[in-house]
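Reader: I'm new to this one, so could you walk me through how some of the helices pack?

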Amino acid sequence: MQGILVSLWPLFVLILMGYGMRRLDFPGQGFWPGAERFNYFVLFPALLFTSLASAPLSNPALPRLLGAVLLVLSLCVAGLYAARRWRRWPASRFGVLVQGLLRFNTYLGIAAVSSLYGKEGMLIATVVIALLVPMVNVLSVLALSNPADRTLASLLKPIATNPLIVSCVAGVMLNLSGVELKWGVDRLLTLLANTSLPLGLLSVGAALRIDELRGHVGAMLGNSVVRLLLVPLVAWLCAR
């Protein structure tokens, strides 16, 4: 337990720093949207690309791990659709619940795995992210839209234009090709990647709007109980 706390507390300090910096208007309100956009389109894709380019895709345990991840996602989706049928939620309500339960903060997840399990753990985590990001994106689009409005283009566009998905695909292709990055390109990408997680965690803190939770505490608590207790329990059972 002590090792976990030692590994994770710096991450939460960065989040709190981001929250405090925004509250103090430092370095200015205009900084955060640009920083988050730059991280989303440049820095974090560089991290995913470099990690997947060197990830152990031939690891014999990887198919079982990804199978467990897919099983967890499938069970969660089945539970959500069963609850929707029971409660008769409209698409607007159901879409919010799906994203609240299935979407994950990749900055915080990668940072936590890296702190707890080092570079080897982070390489495995990026493979899981490469699998989950496109699937969760499609599920979110399906949940937020009415069946009559769905088209193949509406499902594929969020995938084809998502920089995280594009960088994951490119990293996997480079890994499988056996081509090595040379002439300092690998160093450049590593420098960009190393900047991503601290800036991402600061941006997470800056995006917190605690005052907007008024009137939604019950829904937030219910979502948190399912997300932080029930889903990890399902994941643990699937992993077992």
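Reader: What is the handedness of the crossing of α5 and α8?
Author: In this predicted model, the crossing of α5 and α8 is left-handed, a term used if the near helix is turned anticlockwise from the far one by less than a right angle, with right-handed used if clockwise. Local features need pLDDT of at least 70, side-chain atom pairs count only at pLDDT 80 or more, and totals for chains, interfaces and linings use all residues. Residues are numbered from 1 along each chain as its sequence is written, and side-chain values use heavy atoms, with hydrogens and water left out.

Reader: And which residues of α5 and α8 make that contact?
Author: Tyr107, Leu108, Ile110 and Ala111 of α5 meet Ser196, Leu197, Gly200, Leu201 and Val204 of α8, where contact means heavy atoms within 4.5 Å. By class, that contact of α5 with α8 has seven nonpolar, two polar and no charged residues, and Gly counts as polar here.

Reader: Switching topic, at what angle do α5 and α6 pack?
Author: Helix α5, residues 106-144, and helix α6, residues 152-160, pack at about 140°, with their axes 9 Å apart. That makes α5 oblique to α6, since angles under 35 degrees count as roughly parallel, over 145 as roughly antiparallel, 65 to 115 as roughly perpendicular and the rest as oblique.

Reader: Which way does α5 pass α6, left-handed or right-handed?
Author: α5 passes α6 in a right-handed crossing, and the contact involves Pro134, Asn137, Val138, Val141 and Leu142 of α5 together with Ser154, Leu155, Pro158 and Ile159 of α6.

Note on methods. Axes are lines fitted to C-alpha atoms, for helices over the stretch in contact, and angles run from 0 to 180 degrees between N-to-C directions. Helices (H or I, at least four residues) and strands (E, at least two) are DSSP runs, numbered from the N terminus.
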